[in-house]
Number of protein chains: 2
Amino acid sequence: MIDSTTKYGHFDNDNYEYVITSPFTPSPWINYLGNDGFHGLISNTGGGYTFFRDPKFRRLTRYRYNNVPVDTGGRYFYISDGDDAWSLAGRPMDTVLDNYECRHGMGYTRFTSNKNDIEAQATCFVPLHTTAEVYIVSLENKGAVNKQLNLFSFLEWCLWNAEDDATNFQRNLSTGEVEISGSTLFHKTEFRERRNHYAFYHVNRELAGFDTCRDSFLGPYRGMHNPIVVENKQANNSHAHGFAPIASHHLKIDLAPGEKTSLVFVMGYCELDQEDKWASPGVINKVPANELIARFSSTEKAQAALDELKLYWRELLNKCVVKTPDSAFDTSINIWNQYQNMVTFNLSRSASFYESGIGRGMGFRDSNQDTIGFTHMVPEKVRERILDLSATQKADGSAFHQYQPLTKKGNANIGGNFNDDPMWLVLSTCNYIKETGDFSILDELVPFNNDETNSGTHFEHLHRAFNHVVNNLGPHGLPLIGRADWNDCLNLNCFSTDPNESFQTTQRGASDVAESLMIAGQFVLYGEEFAILCEQTGHEELAVTCRKHIDKMREAVDKHGWDGEWFLRAYDAKGNKVGSVENPEGKIFIESQGFCVMAGLGHDNGRAALAMDAVAEHLVTDYGIMLQQPAFSEYDKYLGEISSYPPGYKENAGIFCHNNPWIIISEAMLNNPTRSLDYFSKLCPSYLQDKQALRRSEPYVYSQMVAGADSAMPGQAKNSWLTGTASWSYYAAVQYILGIRPEYEGLRIAPCIPSDWDGIHVKRQFRDAYYDISVVNKAENGINKINVLIDGEELADNIIPYAKYSGRHQVIVTLVS
Amino acid sequence: MIDSTTKYGHFDNDNYEYVITSPFTPSPWINYLGNDGFHGLISNTGGGYTFFRDPKFRRLTRYRYNNVPVDTGGRYFYISDGDDAWSLAGRPMDTVLDNYECRHGMGYTRFTSNKNDIEAQATCFVPLHTTAEVYIVSLENKGAVNKQLNLFSFLEWCLWNAEDDATNFQRNLSTGEVEISGSTLFHKTEFRERRNHYAFYHVNRELAGFDTCRDSFLGPYRGMHNPIVVENKQANNSHAHGFAPIASHHLKIDLAPGEKTSLVFVMGYCELDQEDKWASPGVINKVPANELIARFSSTEKAQAALDELKLYWRELLNKCVVKTPDSAFDTSINIWNQYQNMVTFNLSRSASFYESGIGRGMGFRDSNQDTIGFTHMVPEKVRERILDLSATQKADGSAFHQYQPLTKKGNANIGGNFNDDPMWLVLSTCNYIKETGDFSILDELVPFNNDETNSGTHFEHLHRAFNHVVNNLGPHGLPLIGRADWNDCLNLNCFSTDPNESFQTTQRGASDVAESLMIAGQFVLYGEEFAILCEQTGHEELAVTCRKHIDKMREAVDKHGWDGEWFLRAYDAKGNKVGSVENPEGKIFIESQGFCVMAGLGHDNGRAALAMDAVAEHLVTDYGIMLQQPAFSEYDKYLGEISSYPPGYKENAGIFCHNNPWIIISEAMLNNPTRSLDYFSKLCPSYLQDKQALRRSEPYVYSQMVAGADSAMPGQAKNSWLTGTASWSYYAAVQYILGIRPEYEGLRIAPCIPSDWDGIHVKRQFRDAYYDISVVNKAENGINKINVLIDGEELADNIIPYAKYSGRHQVIVTLVS
């Protein structure tokens with residue numbers, strides 16, 4: 001069914017853009033606008049929605065997920081010319097355009113289309129430090145006759161609480177309220193009562209009309225593909241009272257041959273103090289809106305804001321620039337992977353075209369891991385995030401699994417007992433300190449469970465995280481798994497037979513039996529990181545104590561964690577093995593292989609290499625590395641959600657991309673650059689441009705999951721954008737394949753690149769210095785020695801000591817066998 | 001904007017049908033299919049969805065609320081004839097039909113359309129005792145040439161949990177599974193795991209093809225209005241794996257001139273025992289589906305099931321048949337009001353085109369009140385419902401506000417403390433016993449809070465309900481309001497300033513101050529009912545005790561509940577008056593006027609009449625009686641949600657129809673038949689056929705709310721179908737206007753009809769007897785005496801004693817001034 005040769009787009013690296021050449025991509029291909037709390041999701045035909053900080057509680061515009069037609073609803077511009085009408089960005093009208101192009105850039109998206117000799121362009125972005133989307137729209141008459149055009153904007157307001165908006169119609173069909181003032185259409189639903197915020201949609205030109213009532217604009221039983229107002233070429237000047245408030249401007253635009261005009265639309269959000277809410281009874285205070293509008297009152301001003309945004313991104317991406325013999329590698333690492341890292345950092349798993357924005361807050365484990373690909377970009381944001389996460393830790397060292405972005409408080413509905421959660425705080429913190437040298441974060445006083453009366457230093461929080469594992473060991477001395485570890489869907493204490501129960505919040509197991517080898521590896525890895533941190537901060541005795549626990553854990557893994565050819569995955573609630581050759585299905589899992597080998601386990605006795613060989617033999621496919629094999633053909637209540645998926649999908653033997661970098665790192669640690677890069681190239685989207693049609697998802701970002709060998713369509717990707725794959729892949733590629741790795745002492749240079757790469761070039765800002773690193777690969781039989789020259793001077797080791805350098809430096813690295 | 005003369009339909013009382021003559025009704029006009037747990041909502045163009053018992057957890061088909069285009073998604077039939085194609089029921093294709101008709105009947109809906117000389121008909125219903133929707137589809141060639149038609153069915157499966165289906169895409173785009181077997185398309189998502197139920201869609205004819213994958217059927221970015229398969233005239237035989245499973249049959253149908261063919265489609269639901277789920281590994285057990293299908297394997301069998309359903313409804317509606325000089329009155333009372341009573345009884349407030357089916361369980365107060373218009377129809381179901389409700393009562397007499405239909409357990413998320421809840425159990429129980437004489441319900445052992453270890457007789461539950469009021473009195477000796485009384489939106493203990501908080505579940509007030517006059521009236525009314533019940537059951541001492549409390553309450557209302565011209569509504573959390581002339585807004589409320597007068601308060605001292613005059617002066621509009629006046633122009637956190645609505649909508653001075661019958665009854669009790677009938681005629685939809693365009697909602701059923709005088713569009717109706725208005729209106733009309741009122745001793749005949757009605761005729765089944773009652777109205781100056789002749793014999797009183805009669809009897813009643 002799929003024409004595998006079809007391409008829908010390509011990279012334009014010079015402009016830091018992805019160019020989409022068809023409005024009919026296999027699925028909507030989206031971009032994110034906004035970095036500072038005001039966010040928009042925008043598809044390649046303008047679909048999507050906008051929110052302020054919290055996509056559940058502060059949703060500005062309405063969007064219908066899993067809709068028919070797909071991706072209907074967004075910021076639309078209808079152009080009508082005589083009896084013809086079309087959509088500027090290719091949809092929702094079905095009119096075929098003469099030309100269509102969508103360019104997703106860094107924080108902006110530009111549509112260009114041609115029809116009836118009219119070239120139309122819309123550039124959509126959220127300016128820096130601004131709570132608004134701005135659209136610069138231009139229309140140019142490329143023909144030989146005068147054009148009298150009608151331009152209609154359209155967007156549909158969400159009544160703020162996206163969940164209530166989609167469910168509580170007996171209330172919300174009666175609450176919608178708008179105000180109209182000149183060329184600005186205000187949405188003020190619930191402003192009368194408990195909200196101190198409104199939204200508006202403005203254009204910097206006089207209107208020929210407007211509509212604020214959806215039914216009036218669309219007409220009875222019509223869709224966004226055929227609004228009656230566009231057909232009639234005349235707005236109805238409708239005033240919404242309840243039902244569905246929208247905002248639509250009607251503009252009459254006459255263009256002589258060769259003439260071009262441009263307009264600026266601003267869709268913004270304002271918060272007001274309680275006492276300043278009203279200009280007069282019933283009339284909202286428009287001062288803040290007008291101030292915001294004034295900042296973009298001309299095309300020039302809007303263009304300047306766009307240029308500023310582009311410059312911001314250029315500088316951000318300039319902090320680490322790589323050049324390898326492999327352009328796909330560079331495209332991902334230099335542009336799109338870092339861009340995606342920002343998005344995952346900002347949004348955790350809350351709002352994508354697969355995450356509906358109402359189900360989840362900021363995940364504890366997710367958000368900690370999301371920092372590792374982002375810390376070098378905006379470390380001050382990472383500092384704040386780590387402390388926010390730390391504040392949701394409970395006094396016993398356990399963690400709320402999620403917190404709410406508006407309140408930053410732990411989400412009691414989901415609770416905790418995901419026993420891998422605590423130790424991720426060590427990863428994020430150590431990674432942050434290594435990048436920045438900012439040990440002061442450890443001294444910050446941070447409450448437990450957001451209770452200001454019970455605080456400790458952030459260091460103490462890490463200590464309690466460590467102890468939470470120590471205090472929660474099972475019969476084999478391995479960490480208890482709790483509700484689940486990193487694999488949410490391996491629910492060993494749930495035993496659910498009721499389809500209305502959540503696998504994640506139901507717990508029946510005594511919870512003192514089921515153990516996780518993944519957490520064991522994680523504990524050895526990040527426990528050792530904590531011990532090192534202790535040494536770095538003068539807590540030598542604590543380091544010794546910690547190492548005793550870590551050594552015990554190593555012994556427990558040695559004794560009870562090895563299955564003969566690979567690491568076990570877990571012991572279930574009855575003490576039976578999971579991920580063993582003994583099991584009829586689910587014999588081998590990826591997570592424990594990755595985490596045990598990353599932790600250094602089995603490096604000395606050959607088990608690590610055996611485990612990696614087992615991964616290669618049993619789990620690797622053309623499309624990435626599967627989570628486990630064989631897939632579960634039946635539901636097993638003692639394993640939980642993992643066995644609920646059809647074989648080959650999600651955790652049931654899908655390629656769950658997040659964990660693939662763990663194997664990439666493990667292979668690099670075992671000095672297998674060929675395997676490491678091979679796995680990376682199967683995973684990284686920039687390598688997969690010839691698989692666009694098969695994969696369906698955006699070919700410029702990682703997806704959470706790719707269908708595995710057991711599925712109906714191996715290689716099909718789902719759940720794009722919001723996945724820990726982004727930060728982990730970046731971390732693996734830069735710190736382990738390229739080997740540019742911040743440590744406490746300085747920047748370590750330890751590439752693990754294949755022998756057919758003759759060298760690499762990395763420009764890296766690190767603390768006060770900016771290193772221009774050229775690596776020459778002379779190692780033909782494995783890299784055994786690394787010589788480092790800095791500004792012509794040879795270093796004793798392959799670490800550039802941070803204390804010695806600031807400013808710009810040339811580094812020449814030679815890899816020798 | 002509205003053409004007020006437009007009519008979209010009319011009653012066909014001979015066939016017990018409402019005939020809709022346009023697919024473009026102002027809003028979708030729906031019907032309900034199914035009475036016994038399997039339910040379908042079906043609009044006048046086939047839109048809507050189907051579920052088994054619980055619209056949240058067992059949703060069969062997918063429906064998108066508040067969609068664009070409006071009402072997209074349902075059971076669709078596409079007919080293609082050469083290059084033309086259309087939708088049998090008028091939508092979702094835009095093709096204009098030559099003729100269209102939709103007939104909503106009692107539990108079935110029939111569409112007839114004509115296009116290209118093809119007359120197509122689909123009759124949709126849920127047969128009695130059947131977990132399936134059945135569609136009898138016929139096609140007739142009315143032209144002179146052979147027709148080679150393609151017929152495509154279409155429906156989209158919901159992945160069972162309607163909430164998860166609409167939010168959790170990172171999971172549910174990977175879980176969809178189907179099986180195809182002959183002409184039956186099975187939906188088996190999650191059957192592998194915890195579900196023991198599947199759905200199927202069958203047609204009794206060999207297929208030319210099928211589709212089970214939505215994207216394949218519709219084509220990229222297409223909608224239900226233009227599926228690619230219909231355009232291509234050929235199914236793709238697609239097999240869904242994940243994404244969106246659908247069911248579409250493709251049938252080739254050749255028709256000679258004059259030829260007619262008919263098919264039977266069955267969309268069904270099967271539950272299996274765990275051990276019988278599979279025919280073989282991965283293959284579901286189809287035996288129960290095939291058994292179900294076999295019952296409707298021919299048009300004749302399906303037609304017989306439809307006839308059986310029609311007969312069932314004729315007999316149900318035959319239990320009470322009225323004939324008055326007012327045909328609108330009769331249309332409502334004899335057909336549509338009773339039909340709506342069944343629907344509200346079955347569904348409480350869970351699933352309509354305004355209630356999304358995922359937000360609410362069965363309401364305690366709602367469900368108790370819903371029985372009063374339904375008990376005479378199916379008393380055994382009412383008995384079960386009352387006991388289910390009783391079982392959710394807590395030991396202290398308070399009630400869970402809702403219970404879940406699948407488990408019948410109280411909904412802890414919502415909790416209780418709606419202090420009017422408890423006493424509604426007295427109303428439903430006494431009403432049930434009066435209708436049936438079944439005092440045994442009082443002796444049933446019923447658990448408290450569904451805890452089988454703590455039970456009491458149902459009588460004891462009523463006693464505790466009574467005591468709950470006695471134990472929760474405020475500073476004036478009036479009942480504490482708790483979170484709210486009947487008016488959910490009068491939240492006197494909430495004080496919310498956070499828009500993310502629920503008004504209903506947030507409580508900050510100490511809850512021992514704010515008092516409700518509505519509950520005071522309710523307590524006097526149903527407390528007295530309980531006291532009478534005590535006397536009826538030999539609990540004379542308890543009756544005396546109860547009456548002491550009731551008398552105290554009467555005194556408290558006398559002393560603290562009168563505002564000078566009307567009854568106060570409440571005291572707020574600071575002890576200030578609500579619903580007083582002292583208040584700048586919200587001076588007079590309807591609820592306390594209705595309940596105090598219904599309770600007999602103020603009848604002796606003129607206050608009742610004053611209160612009713614105040615209602616007439618301040619609250620009555622052309623479209624019904626408003627909840628309060630003046631509307632709240634600003635939000636008041638001490639009043640809560642009521643002040644959050646725009647003026648004129650919902651509880652903020654909308655016409656909240658549920659409470660209008662309380663005034664209708666009150667006026668009848670005060671012997672004001674003209675006002676009583678006038679108010680009824682403003683409320684009852686059968687009187688309002690010339691206002692179809694203004695009202696928008698279905699003109700054959702009550703709506704929860706009609707916009708009030710302060711709104712932008714007074715008279716516009718919302719939230720149709722699921723409203724307590726149905727049972728209360730029926731109860732008011734039959735028991736108070738017509739005055740045919742079951743009592744413990746027998747059937748009281750006490751009409752309160754206007755002098756210009758020369759008489760009425762009522763046929764009423766009551767216990768073992770069937771009375772044919774002719775009322776002759778000779779009262780020209782008010783009804784002061786009622787003479788009753790039964791079978792020619794004069795009764796001493798206007799009560800027909802139940803013990804004396806069984807079988808059929810002629811009753812002649814004469815009303816005299």
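A salt bridge is a side-chain nitrogen of Lys or Arg within 4 Å of a carboxyl oxygen of Asp or Glu. By that rule, four salt bridges cross the interface of chain A and chain B. One pair that meets this way is A:Arg696 and B:Asp215, at 3.2 Å from N to O.

Before I go on, some housekeeping. This is a predicted model, in which local features need pLDDT of at least 70 and side-chain atom pairs count only at pLDDT 80 or more, while totals for chains, interfaces and linings use all residues. Residues are numbered from 1 along each chain as its sequence is written, chains are lettered from A and ligands numbered from 1 in the order in which they are written, and side-chain values use heavy atoms, with hydrogens and water left out.

Now the interface. In contact, meaning heavy atoms within 4.5 Å, are 79 residues of chain A and 79 residues of chain B. The area buried between the two chains is about 6800 Å², with 53% of it from carbon and sulfur atoms. Buried area here is the accessible area (1.4 Å probe) that two parts lose on being put together, summed over both. Which residues of chain A lose the most area to chain B? They are A:Arg192, A:Arg194 and A:Tyr221, which together make up 16% of what that side buries.

Next, symmetry. Chain A can be laid on chain B by a turn of 180° and a shift of 0.0 Å along the axis, with an RMSD of 0.0 Å; the superposition is by least squares on the C-alpha atoms of residues with pLDDT of at least 70 in both. The two copies are therefore related as by a two-fold rotation axis. In chain A, the residue that comes closest to this axis is A:Arg64, its C-alpha at 4.2 Å. Both copies use the same surface: 100% of the contact residues of chain A recur in chain B.

Last, a helix within chain A. Helices are DSSP runs (H or I, at least four residues), numbered from the N terminus. H10(A) covers residues 421–436 and reaches 24 Å from its first C-alpha to its last, close to the expected 22 Å; the expected span is 1.5 Å times one less than the number of residues. Is this helix mostly covered or uncovered? Mostly covered: 15 of its 16 residues are buried, that is, under 20% relative accessible area (1.4 Å probe, protein chains only). After H10(A) comes A:Gly437, with a positive phi near 75°.

A:Pro379 lies in helix H9 (residues 379–390) of chain A. Beyond its neighbours within four places in sequence, A:Pro379 is in contact with A:Lys319, A:Tyr432 and A:Thr436.

Key
Helix = DSSP H or I, 4+ residues; strand = E, 2+ residues; numbered from the N terminus. Buried < 20%, exposed > 50% of the residue type's maximum accessible area, 1.4 Å probe, protein only.
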